Amino acid sequence: MNVLCLVELDEAGVTDASLRALTFARSLATGGPAAPGATGPVVAAVAFGPADRVPASLLGRYGVTEAYVVEPSALDGYAPQAWARTLEGLLSVTLAAAVVAAGTDCGSEVLAHLGALTGQPMAANCLTASPEADGTLAVSRQRWAGLLIEDAILDGTPALLTVATDVVPPVPVDDAADPAVLVHEPDLDPADLRVRAAVSAGRDGGVSLATARVVVGGGRGVGGPDGFAPLEELARLLGGVVGVSRVVTSQGWRPHTQQVGQTGTKITPELYLACGISGAIQHMAGCASAKHIVVINTDPAAPILSRADYAVIGDLAEVIPALVAALKERA
Amino acid sequence: MEVAVCVKRVPQVGGRIVVTPDGQDVDTRMSGFAISPHEECAVEEAVQITERLGGTVSVLTLGPAEAADQLRDALALGAHRAVLLEDGGREWGPAGTAAAIVAEVRRRAAEGPGCDLLLLGNEAADTGDYQVGVRVAHGLGWPCATGIKHLEITGDGARARREYRGREETFEFGLPAVITVKEGINLPRYPSLPGRLRAKRAAIEQYQPQWQPEGLRKRALRVPDQPRQQATVLGTGADAVPALVRLLEELGVLK
Ligand SMILES: Cc1cc2nc3c(=O)[nH]c(=O)nc-3n(C[C@H](O)[C@H](O)[C@H](O)COP(=O)(O)OP(=O)(O)OC[C@H]3O[C@@H](n4cnc5c(N)ncnc54)[C@H](O)[C@@H]3O)c2cc1C
């Protein structure tokens with residue numbers, strides 16, 4: 001089956017989420033029965049930006065056989081419906097039976113537009129997809145931010161799928177060849193450009209919650225806005241940042257940008273040190289990808305202890321200052 | 001300014017999520033229900049907009065008869081009107097949900113002042129389909145922005161911002177429009193006592209939209225394997241600090 005995949009570019013070339021989506025697209029393309037006498041299936045990528053910024057060899061390493069690029073002269077910047085219209089136009093060029101994108105804000109939005117433009121269903125945050133004998137796809141996808149998995153049948157032509165950003169690993173191919181990079185001119189409708197992004201630089205250059213190596217988490221057990229100073233100091237000593245539970249943001253103790261969880265940020269640190277947090281599943285949805293979880297909690301029966309590696313049973317107001325003192329002494 | 005907000009009733013699951021024996025639903029015998037968090041913020045945003053610019057907030061849900069509770073929660077926060085689209089006991093997919101919302105917006109426009117702004121959550125907490133708002137926008141032919149965390153409504157236009165990959169994206173477009181928001185756009189207020197009393201007495205309009213089959217068909221739900229086991233306890237109170245420091249050293253997170 002031929003598959004078309006939306007690729008998001010960044011300073012490093014291609015975003016991690018898009019490499020995962022390409023890996024997913026490749027396994028979907030090669031998973032079905034090959035047409036007799038046909039050459040291998042097409043894994044087509046489409047990216048938006050200057051052609052000389054499209055990293056052909058990186059795309060080749062992730063199994064892309066044809067790369068299409070829409071240059072700024074044809075479509076400048078992010079306009080979700082125009083990007084979807086471009087994908088729609090590429091369906092007949094690539095003969096794609098499925099369109100895949102990363103389950104990011106951008107990928108989800110563009111594929112939702114494509115679903116509306118084509119009148120087809122879209123399966124969000126997929127983990128697997130494989131063709132069935134009747135031409136449908138058997139998919140598994142995340143619900144509840146990954147707390148549940150839905151096994152489903154996706155019956156649409158083209159099949160539209162976004163890929164969970166935190167589960168499918170990015171895997172390169174063994175026999176990579178650079179794909180040709182073809183400049184594509186999309187056929188757009190004026191209404192496609194009604195909504196388009198003006199992009200400005202982010203606010204601060206500090207360590208971001210999503211990518212921090214160490215996150216010191218604080219929950220209701222911190223007790224109030226003043227209780228966060230020792231957590232901040234500990235995070236500084238560990239070269240990390242503070243993350244919080246929803247109770248903390250809904251009380252207004254800390255801004256929502258620091259919230260970890262289903263409706264906050266998903267974190268992927270080496271160490272998550274969760275202090276005064278009970279471990280509600282919506283919170284765990286945001287930190288399940290942490291390499292190590294260490295807990296400080298007064299309650300040995302708190303649910304978070306059954307999802308953590310190590311725990312200290314005790315009052316965080318006592319343990320954290322003692323830990324800060326010990327780390328300072330060591331330095 | 002006529003603002004409509006679409007909300008969804010979702011289970012309030014706490015420490016564990018359990019699937020019913022037939023694999024078709026989340027077991028909600030032990031849980032309460034609430035408005036999905038992004039939509040709670042959408043209600044708050046709508047109320048703030050009409051507090052500034054005047055007008056009314058209509059809150060709309062597609063759900064079972066019991067979803068009237070969530071409509072009353074929204075009324076208690078300051079919404080003025082409530083509409084329940086009864087789901088007839090079926091699970092509705094994103095295309096059918098969008099079609100029912102579009103029909104309701106059109107019905108309203110035919111009867112009186114139409115809607116200037118339609119707010120939804122970016123994604124429902126339970127199904128996480130990430131598309132209802134966009135499909136509604138196409139159905140109405142309106143512009144659409146998703147994942148919005150900062151919104152300014154200016155007379156006949158909207159300026160909507162979100163953060164994406166460390167940068168800020170700003171979208172500007174005219175009304176009427178569809179905007180999906182995320183938690184963090186505001187801090188929802190607590191309902192006042194008079195608000196609660198008013199919500200209790202308020203009438204709720206009810207309609208029965210026609211269910212339609214979808215191309216994405218659920219076979220079963222399951223809980224993913226959970227790799228982590230019970231935590232090893234390092235110790236109690238400040239006495240555990242030396243063991244904790246050794247652990248941090250072993251994990252390689254000390255500079
Ligand atoms: C749809 C939905 C989405 C949600 N999304 C999120 C989300 O993104 N992120 C999120 O965090 N939550 C989310 N929630 C809320 C979630 O269900 C919980 O309510 C919340 O995570 C609980 O926060 P908490 O652990 O800080 O508080 P609590 O559950 O009250 O736990 C406090 C913990 O602190 C411990 N403690 C108390 N005092 C001390 C002390 N002095 N020292 C040490 N420990 C102490 C207690 O033993 C307890 O374990 C969501 C809920 C819903 C319904």
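**Chain A as a whole**

The model is predicted, and every value here is computed from it. Chain A has 331 residues, of which 56% count as buried, and its C-alpha atoms fill a box of roughly 70 × 45 × 40 Å along the principal axes. The secondary structure of chain A comprises eight helices and 17 strands. When contacts in chain A between residues at least 6 apart in sequence are considered, 63% of them join residues at least 24 apart.

**The two domains of chain A**

Chain A is divided into domain 1, covering 3-193, and domain 2, covering 202-330; the contact between them takes five residues from domain 1 of chain A and six residues from domain 2 of chain A. The C-alpha centres of these two domains of chain A lie 35 Å apart. On the side of domain 1 of chain A that touches domain 2 of chain A, the residues divide by class into three nonpolar, one polar and one charged.

Of the area that domain 1 of chain A buries against domain 2 of chain A, 80% is supplied by Ala145(A), Leu147(A) and Asp166(A), which is more than any other three residues supply. Asp166(A) also takes part in a salt bridge with Lys266(A), in which the closest N and O atoms are 3.1 Å apart, and the count between the two domains of chain A is one salt bridge.

**The interface of chain A and chain B**

The size of an interface is often given as the accessible area lost when the parts come together.

| Interface | Buried area | Share on carbon and sulfur atoms | Salt bridges | Residue pairs in polar contact |
|---|---|---|---|---|
| Domain 1 of chain A and domain 2 of chain A | about 500 Å² | 58% | one | two |
| Chain B and chain A | about 7500 Å² | 54% | 11 | 42 |

The contact between the chains takes 80 residues from chain B and 95 residues from chain A. In chain B, the residues that lose the most area to chain A are Leu216(B), Arg222(B) and Arg228(B), which together account for 10% of what that side buries. A salt bridge joins Arg143(A) to Glu91(B), with the closest N and O atoms 2.9 Å apart. The elements of chain B that give two or more residues to the side touching chain A include the helices α1 (37-53), α4 (132-140) and α6 (241-251), as well as the strands β13 (216-222) and β14 (232-236). By class, that side of chain B has 36 nonpolar, 21 polar and 23 charged residues.

**Gln120(A)**

Is Gln120(A), which has a relative accessibility of 17%, buried or exposed? Gln120(A) counts as buried because its 17% relative accessibility is under the 20% cut-off. This residue is placed in the loop between α4 (105-118) and β7 (122-131) of chain A, and its side chain reaches the backbone nitrogen of Thr157(A) at 2.9 Å. Leaving aside neighbours within four places in sequence, the residues in contact with Gln120(A) include Gly156(A), Thr157(A), Pro158(A) and Leu160(A) of chain A, together with Arg135(B) of chain B.

How values were computed. Residues numbered from 1 in each chain as written. Chains lettered and ligands numbered in written order. Heavy atoms only, no water. Domains from an automatic or database assignment. Contact = heavy atoms within 4.5 Å. Buried area = accessible area lost by both parts, 1.4 Å probe. Salt bridge = Lys/Arg side-chain N within 4 Å of Asp/Glu carboxyl O. Polar contact = N/O pair within 3.5 Å; in protein donor to acceptor, adjacent residues only side chain to side chain. Nonpolar A, V, L, I, M, F, W, Y, C, P; charged D, E, K, R; others polar. Helix = DSSP H or I, 4+ residues; strand = E, 2+ residues; numbered from the N terminus. Buried < 20%, exposed > 50% of the residue type's maximum accessible area, 1.4 Å probe, protein only.
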